[in-house]
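Take a walk through this structure, one part at a time.

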Protein chains: 2
Amino acid sequence: MAMEAARLSPSLAAAAFLARRPPRASPFFLRRRHPLLRLFASASDSSGDGRAVALSSAELRKRRGLSSSASAGDAASGGDEKLGSLRQLFSRPDIAIDAYIVPSQDAHQSEFVAECFLRRAYLTGFTGSAGTAVVTKDKAALWTDGRYFLQAEKELSREWTLMRSGNHGVPTTSEWLNEVLPSGGRVGIDPFLFSFDAAEELKDAISNKNHELVLIRSLNLIDEIWNDSRPKAPEKPIRVHGIKYAGIDVTSKLSFVRSQLSENGCDAVVISMLDEVAWLLNMRGSDVPHSPVFYSYLIVEISTATLFVDNNKLSEDVLEHLQNAGVKIKPYEGILSEVERLAEKGAKLWLDPSSVNAAIVNEFRLSCEKYMKKKGKAARKNGDKGESSDELRAKGTGSQSGELNVVYRVSPVTLAKAIKNEAEIEGMKNSHLRDAAALAEFWCWLENEVCKDVSLTEVQVAEKLLEFRQKQDGFLEPSFDTISGYGANGAIIHYNPSPENCSSIGSENLFLLDSGAQYIDGTTDITRTLHFGDPSARQKECFTRVLQGHIALDQAVFPERTPGFVLDVLARSSLWKIGLDYRHGTGHGVGAALNVHEGPQSISYRYGNLTALQKGMIVSNEPGYYEDNSFGIRIENLLLIKELNLANSFGGVSYLGFEKLTFVPIQRKLIDPSLLSSLEIDWVNDYHEEVWEKVSPLLTGNARDWLWENTRPLLYESP
Amino acid sequence: MAMEAARLSPSLAAAAFLARRPPRASPFFLRRRHPLLRLFASASDSSGDGRAVALSSAELRKRRGLSSSASAGDAASGGDEKLGSLRQLFSRPDIAIDAYIVPSQDAHQSEFVAECFLRRAYLTGFTGSAGTAVVTKDKAALWTDGRYFLQAEKELSREWTLMRSGNHGVPTTSEWLNEVLPSGGRVGIDPFLFSFDAAEELKDAISNKNHELVLIRSLNLIDEIWNDSRPKAPEKPIRVHGIKYAGIDVTSKLSFVRSQLSENGCDAVVISMLDEVAWLLNMRGSDVPHSPVFYSYLIVEISTATLFVDNNKLSEDVLEHLQNAGVKIKPYEGILSEVERLAEKGAKLWLDPSSVNAAIVNEFRLSCEKYMKKKGKAARKNGDKGESSDELRAKGTGSQSGELNVVYRVSPVTLAKAIKNEAEIEGMKNSHLRDAAALAEFWCWLENEVCKDVSLTEVQVAEKLLEFRQKQDGFLEPSFDTISGYGANGAIIHYNPSPENCSSIGSENLFLLDSGAQYIDGTTDITRTLHFGDPSARQKECFTRVLQGHIALDQAVFPERTPGFVLDVLARSSLWKIGLDYRHGTGHGVGAALNVHEGPQSISYRYGNLTALQKGMIVSNEPGYYEDNSFGIRIENLLLIKELNLANSFGGVSYLGFEKLTFVPIQRKLIDPSLLSSLEIDWVNDYHEEVWEKVSPLLTGNARDWLWENTRPLLYESP
């Protein structure tokens, strides 16, 4: 699955931070957060079925039924009411703001968010995954990108102005605020929903017009107006991710984090990314769609560790698992008081400013200040008894601003999680083979149906794929919303078909299918592009050049310490030769039975991410080509980075290369062999031979026959 | 000619500055400057032959005769004396310093420097091209890099400590100063010899130990002790670089600079890089070896332009040329008073801090301060009459520090000079053909001599090459010291053979020859590697992989706005596949009848240079492989960047590619065709066909036969 080029992932932002270069400005830089705190303290379920919600966006749209056709009408009245209620809150003396920003994210920078945190969607009626709403006393505007312009036009009421991000002359949220608010305005945000970096950037941007950023911590204004209709907080049980899959026990992982704390002179670290908590504690949940994570924070200190989580989700097994690792449990909403306690203890705290939210960081800074003042007073009272300010300072207890007691640094878990251990690699390999079997069955079925002229929509086809995957051992859920795009829809990079408005798969054009799954032992992400009729010469040329890029990256060998962006050109140069390109990165990191997008590595034409590709990391290899209003092509495998044993090792360094994890045929009819070198033809044939060897034992009947047919060598086909 | 990887070129430093990233630290960051000012005011010639000196380093070594064998002895006594005299100056009341830094450079960041400015060589006895000397009251240390360790060991007296830069644990000059000087020391430099950036960086680095950087502007301490033995300043005549070669007249170029001044709200710019002055004024000189430039500064204002140059060098022709373009002339040493005058006028000045020396920048800043104070006093005296401070400020006349009146920015000439016009391209193409004819004659001759078992040294061979080039029309001089390395010497990237200590060319090993020439119409730079006997399989494999990298870069197509470093991997990946690499960049910019190394573009594995490769730029393509103590391989052509007319232009952008300028055969016997794709074989054959077509008309006799033999296609050779 390709990551949207215009949006910085948190890990990229972290890398940019480490490299001391500002992340690229984007209205979507205001991203990802959310305060379960209040919710968990006062959740009430009136959503009808009473079950906790963790729905994919497709499912969500389905449950909302007619939302996309009826929403404009609904919103025309309902939107007004919501905006009215929200604006009433602006003038409450304890709030007193002139504008309020409502981003899409939760408190953990999650890519996928539980329904109860879809506040922007609730407020605006716009259900797309990316967008930021800004409401002033007399204006309401929503920013979203090109993927969602049409959908937003349909879903927004007339009260809302659609800001088409990326279009010429469209201001960012802060530029707009500087434009529409009289100087000296008060701009409110929920600090749980902004990373510290994002909040600081926003504060700077609006200070040009002397606007003040007001962090409203005690309540979220949308939650206030949402009331009873708000979906319940997710409360699905958490499970232990067995050592068989995790490979390293929690005690060892905590020891590693503690050694990092010591090395950096820190006493504690707040882990707030949900996949980092899940990885570190060898636990999995299902609070959000697509990622097996659970809402929580973790604080690791030198001798203790505390998990902040809703107690109801913990079974006996999990409690025992945590106890064995010496992890204490506190309520999710206890995070801020714990941070305050750390400040009072004079602890030096490690915070990742690109992922930890502004509420936590500011709580710590303010508590440090408060503590310093108190100590100062006490010292003055006691004369020379007790610790002097100087002594406190020498201990690093903090300057007036509390800065001295914070180390801003990318989380110690980020890189450790990215470098997979043997058990994780084993799980990824196994789950990829089962996934490949499901895909072979699926493609065999689809080809047959299309040949029989059965009309199947993009959505129906995606649902059938889900059925095939569900039959595989250890299947949990799709790892993202399936991108099922026929013809021109394939050219929309993050196309998400809706049942009421999608194409049928035919034999006239290309069909692009980008999908993935969460299994108990691994996470998959694969794209194939097929044609069930006669592809045009143009389509074959483009497909073959995309394939050449895919092969060039797959075959790359590179010295250790090479950042991913160095290799990006290998995947593009075959397209560049005829003046073509694609507007997304070539590879993203993938978690092991975790998030389908993870950092810190990437392979992209953007030069900001200097993280070296390292042995044990997993990346996607997904060049593409998209011809607007015509067709889309993408070929995606996941790759494991491994150390090579070459005849030479110039400079005494290791040389690295890739091992394929994905084993699904690449449609030969789309390949023009006359464009390929003999090495490239060998690559295709070797790959297909490996696909047959690895996947055929998992198949029977038609699917096995289909796999045989589709793994025959190029140039050796019978006439 | 490959640029040394460890040394930042001024243009790279400029690019790094623009990208707001600090250049990589290196003791050689202290680079390039020098004050002709005093010298030209008091030059006395006692060098014997009385002629102005602009000698290549080989020539220099030759003239010094036995220096490299006798210097240790000389230095043992002479070095002491020099150090003693220098240290006596430390305590003079008007100087009062604890240490003095003597870099290798002149006042213009020149790569090649006139002999009278080789102060570091004079002081230390060490004649290598790169090095920095630091002298304290009781210590003397010289920093140089791996190329020169052996030479420096020989040439330095026992008074000197050799600091082997790049070796583990070796401190930088500033680290060393922080180590050896008692806190609060005064470190003297000649501010003409440091760019403003370099001086600021040094100031910061030594401030950790409260050392003060003392800019001694009124005299250079080495010149003080050098006295009568100092070579005379160069005074070779300057010539007009005809419009036939320059393509654009001076008036148009000045108009362009003025439009840049207006766009940036500036009143004037100081141009201090010698090649920039030469390019802008369509003039050439021969004050330094290898580059056709002359010592000067140029100030361009909105309605005037002033050249600061030694009047003696200007013929009637040149005077008329300057007059026609409206360029006034002032003495070289008048630069500082002119800068002061600009400050007094309240002019806003454009300064490139990576190239303009600290003396000029600080003169302007101090003068602005002085002027502000005076104006302030006058305003107070006159009450409300005259301009108020506020009015002055509004006009941008400067803050207290004078900063408001400076725009720090890369010189407006840098990019304009890099993008060649039609006439420059024509001249480059023509001179490359003549150069190719000289090389064909040379290789034909050498092959013959080696076959006849004539013993020829690396130096003799380089001298013979010079003879062949001298016969070509418009030849001026070599564009750098020829790198002529047989066998193991070829593995030394910047090998510079000395007559008394060099190898003979044989038929047992590879011979690497990297050379270039200045012609009236263009500048060349070419490397070829040949074997006159039977190359080993290993040598053939390495050569073929270097060639594959060369071909991959040559054939690259890329969208506009692509920085050079993106393409670097194309030249390396064939070597990486077998665990090999090379420790230098792949391409540098080349001037048109100017410096053989120019910015701002480059093709390098370092990611600091974000300058886009642009149509009309010229770059070298020179991958290599060096096996220590065994052999070296490099294949270098110069390439012109051109716009391609492709079937597609995705994103509406231009796609760019390369056109070869260099036409000299690549030795086929070193190519293992079994490693090449058919496209790569076609490349070799097409190239050789083009070489024959373009160069054979310039040859007769044996050389023509040699060219015919050496341009026959691969795989089509008769048995």
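Domain 1 of chain A and domain 2 of chain A have 1 salt bridge between them. A salt bridge here is a side-chain nitrogen of Lys or Arg within 4 Å of a carboxyl oxygen of Asp or Glu. Arg217(A) and Glu363(A) form a salt bridge through their side chains, at 2.2 Å from N to O.

First, some ground rules. This is a predicted model, in which local features need pLDDT of at least 70, side-chain atom pairs count only at pLDDT 80 or more, and totals for chains, interfaces and linings use all residues. Residues are numbered from 1 along each chain as its sequence is written, chains are lettered from A and ligands numbered from 1 in the order in which they are written, and side-chain values use heavy atoms, with hydrogens and water left out.

Now step back to the domains. Chain A splits into domain 1 (81–229), domain 2 (235–376 + 405–415) and domain 3 (419–709); the bounds come from an automatic or database domain assignment. The centres of domain 1 of chain A and domain 2 of chain A, taken over C-alpha atoms, lie 29 Å apart. In their contact (heavy atoms within 4.5 Å), domain 1 of chain A brings 18 residues and domain 2 of chain A brings 25 residues. Together these two domains bury about 1700 Å², with 61% of it on carbon and sulfur atoms. Buried area is the accessible area (1.4 Å probe) that two parts lose on being put together, summed over both. Which three residues supply more than any other three of the area that domain 1 of chain A buries against domain 2 of chain A? They are His108(A), Phe112(A) and Phe196(A), with 42%.

Next, look at the two chains. In the contact between them, 33 residues of chain B meet 33 residues of chain A. The area buried between chain B and chain A is about 2700 Å², and carbon and sulfur atoms give 67% of it. Between chain B and chain A there are 0 salt bridges.

Inside chain A there are 23 helices and 28 strands. Helices (H or I, at least four residues) and strands (E, at least two) are DSSP runs, numbered from the N terminus. Of the 719 residues in chain A, 62% are buried. Buried means under 20% relative accessible area, exposed over 50%, and partly exposed in between (1.4 Å probe, protein chains only).

Ile95(A) shows what burial looks like. Ile95(A) sits in the loop between helix 4 (67–90) and strand 1 (99–102) of chain A. Ile95(A) counts as buried because its relative accessibility is 2%. Its contacts, leaving out residues up to four places away in sequence, include Ile216(A), Leu219(A) and Leu221(A). Ile95(A) and Leu221(A) are 126 residues apart in sequence, yet 9.5 Å apart in space, C-alpha to C-alpha.

Finally, return to salt bridges. Over all chains, the count is 67. One of them joins Lys660(A) to Asp554(A), with the closest N and O atoms 2.9 Å apart. Lys660(A) lies in strand 28 (residues 655–660) of chain A and Asp554(A) in helix 20 (residues 537–554) of chain A, so the pair ties together parts 106 residues apart in sequence. Are these two partners buried or exposed? Both Lys660(A) and Asp554(A) are buried.
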